[in-house]
Amino acid sequence: SPWKEEPVKKFPEDFLFGAGSAAYQVEGAWDEDGKGESIWDDFMHNKPWLMIAQDGSSGDVASDSYHNLERDIQIIRELGLDSYRFSISWPRLLPSGFPDQVNEAAIQYYNNLINELLKHNIEPIVTIYHWDLPKSLQDLGGWTNPNIAQWYEDYARIVFDNFSNRVKLWLTINEPNEICYLGYGHVLEAPALNASGIADYLCAKNLVIAHARAYRLYTSQYKPLHGGRVGIVFSANWHVPLNPDSEADKLADTLHFQAKFGIYANPIFGYGGFPKEYSERVAEKSAAQGFPRSRLPEFSEEEKQFVLGSYDFMGVNHYTGQLVTAENVPEYAVPSLLDDTGADLITLDEWKQSTSPWIKWMPNSLYNQLLELGSLYPGVDFYITENGWSGSTGLVDDDRVDYLRSCLQQCLDAVADGVRLKGYYTWSLMDSFEWAFGYGARFGLYEIDFEDPKRPHTPRKSALVYKHIIKTRAIDYDYAPDSLVMTIDEGH
Ligand SMILES: CCCCCCCCCCCCC/C=C/[C@@H](O)[C@H](CO[C@@H]1O[C@H](CO)[C@@H](O)[C@H](O)[C@H]1O)NC(=O)CCCCCCCCCCCCCCCCC
């Protein structure tokens, strides 16, 4: 392999280096040009007390990308990215949620973005759904209503009809666990349903079927014409038993992994349906709690076969890791997913803390995660679709530089050890609306001044370091930029 023969490990020429964003986090223009209301518009406007930031912020204007397409293209070109990840807003494209009206202004905006990227040889990778469900569909039950699989396929068809002649890499859904568990099981994300152990499980089944419908639609009708590839994005943070010799900790780790990852990945990439151990656990708990059937729904044999194998690759979002234990587990709500797992999560004080309370720097977590995924799903191609470090305002972001280099080194090491990793997208291109944390957690390679109506952008040190890595396709730990000035290089 070329990876092992190089004295300094280098990324191959066809490895995609990118950066990412999501519509609600950057676009703004929340009610302009015919856009419909999303569950995040509703959450921020009507339930602000649920926000962690408690500052009344919202994505109404965000980074104002809807009005600053040229600026976004400029910074992507300055960085020399091979690829840019962005999402399409379902309520911007289909204001009612259904294809009865298709918003021409949305088609125009995404067409312009895609065309500009291609003009500069930047490969678009498009997320079809990154959390901004039309509120009208949530009023009908959202992801807990089995009809959503059909609604999502209808939406995906409009997306493919308009953009698949130019977009070759598709991500159906971003982070099922965060959608279902944090949004339907908790109040940490929209729609804040707070019905864990029931709504999150209904969501999980409907979501993987929706994904499979979009995948099969693409494969039968668009792939023969355009030859693209379709995947789904999971959040995969690294977990190991706190005490590797404890059978109880090992079981808690397995069940926790299945609850947060396996119930989404196994139906598509594994042996079909929900994972066996977790299904048995929830069935036992449900019976003991007086439910007439398991709270975890079942797949029919036909559904299992329809979903199984519905992928061309797996997108992986990775930020951190935790240790899992069955000891001193808090009294979780009953029923709830956490109660079903019987697990508690621990982090160590010596791991560096980011601005986001849930991200600590667990050494080597990305390498370990990639190795585990590579061995669980041999032959599958992977992309790191998100990885990043949150800080605060300021341009000299040395922690982010260190984290970036370390994570890219772990990618190189994983590939050298046989993992089929095809690309890496840092999160994120620019500062953006960080969900329940508002503008308090900054992930951007570019800083955005949210106080200024023009939303000016300024490169951080990490932007220059990432640019150098992309250009040389290697990690030079001694590289330090002379200044923080960014320009577009010849050929970009
Ligand atoms: C008695 C027990 C009560 C149980 C309460 C359960 C609470 C669960 C807490 C779970 C916290 C973990 C949240 C992590 C979410 C991330 O996976 C997710 C990643 O999303 C992607 O990342 C980008 C950066 O965030 C984002 O911009 C991008 O769009 C997206 O694709 N991130 C989010 O969902 C953002 C909002 C998270 C809100 C979390 C609130 C955390 C509250 C405090 C947690 C304490 C930390 C404990 C650490 C260990 C826990 C796992």
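Mentor: We start with a definition: helices are DSSP runs of H or I with at least four residues, numbered from the N terminus. Keep in mind that this is a predicted model.

Trainee: How many salt bridges does the structure hold?

Mentor: The general idea is that side chains of opposite charge can pair when their charged atoms come close. Here there are 26 salt bridges.

Trainee: Which residue does Glu280 form a salt bridge with?

Mentor: An α-helix has 3.6 residues a turn, so residues three or four places apart point the same way. In our case, Glu280 pairs with Lys276, with 3.2 Å between the closest N and O atoms. Both belong to helix H12 (residues 276–288) and sit four residues apart, about one turn of the helix. Glu280 is partly exposed, at a relative accessible area of 40%.

Trainee: Which parts of the structure do Lys285 and Asp339 lie in?

Mentor: Those two side chains meet in a salt bridge at 3.3 Å, N to O. Lys285 is in helix H12 and Asp339 in helix H14 (residues 337–341), so this pair ties together parts 54 residues apart in sequence. Lys285 is partly exposed at 23% relative accessible area. Asp339, at 15%, counts as buried because the cut-off is under 20%.

Trainee: And Arg92 and Glu27: how far apart are the closest N and O atoms?

Mentor: They are 2.7 Å apart in that salt bridge. The pair links distant parts of the chain, 65 residues apart: Arg92 in helix H5 (residues 90–93) and Glu27 in the loop between helix H2 (23–26) and helix H3 (39–46). Both Arg92 and Glu27 are buried. Salt bridges can also form a network, as they do among Asp431, Arg442, Glu447 and Arg460.

Trainee: Now the cysteines. Which residues does a disulfide join?

Mentor: For a disulfide, look for two cysteine sulfur atoms within 2.5 Å. A search of the whole structure finds one, between Cys180 and Cys203, with an S to S distance of 2.1 Å. The torsion about its S-S bond is about -70°, so the disulfide is left-handed. Cys180 lies in helix H9 and Cys203 in helix H10 (residues 199–226), so parts 23 residues apart in sequence are tied together.

Trainee: Is helix H9 buried or exposed?

Mentor: Ten of the ten residues of H9 (residues 176–185) are buried, so the helix is largely enclosed by the rest of the structure.

Key
Residues are numbered from 1 along each chain as its sequence is written. This is a predicted model: local features need pLDDT of at least 70, side-chain atom pairs count only at pLDDT 80 or more; totals for chains, interfaces and linings use all residues. Side-chain values use heavy atoms; hydrogens and water are left out. A salt bridge is a side-chain nitrogen of Lys or Arg within 4 Å of a carboxyl oxygen of Asp or Glu. Helices (H or I, at least four residues) and strands (E, at least two) are DSSP runs, numbered from the N terminus. Buried means under 20% relative accessible area, exposed over 50%, partly exposed in between (1.4 Å probe, protein chains only).
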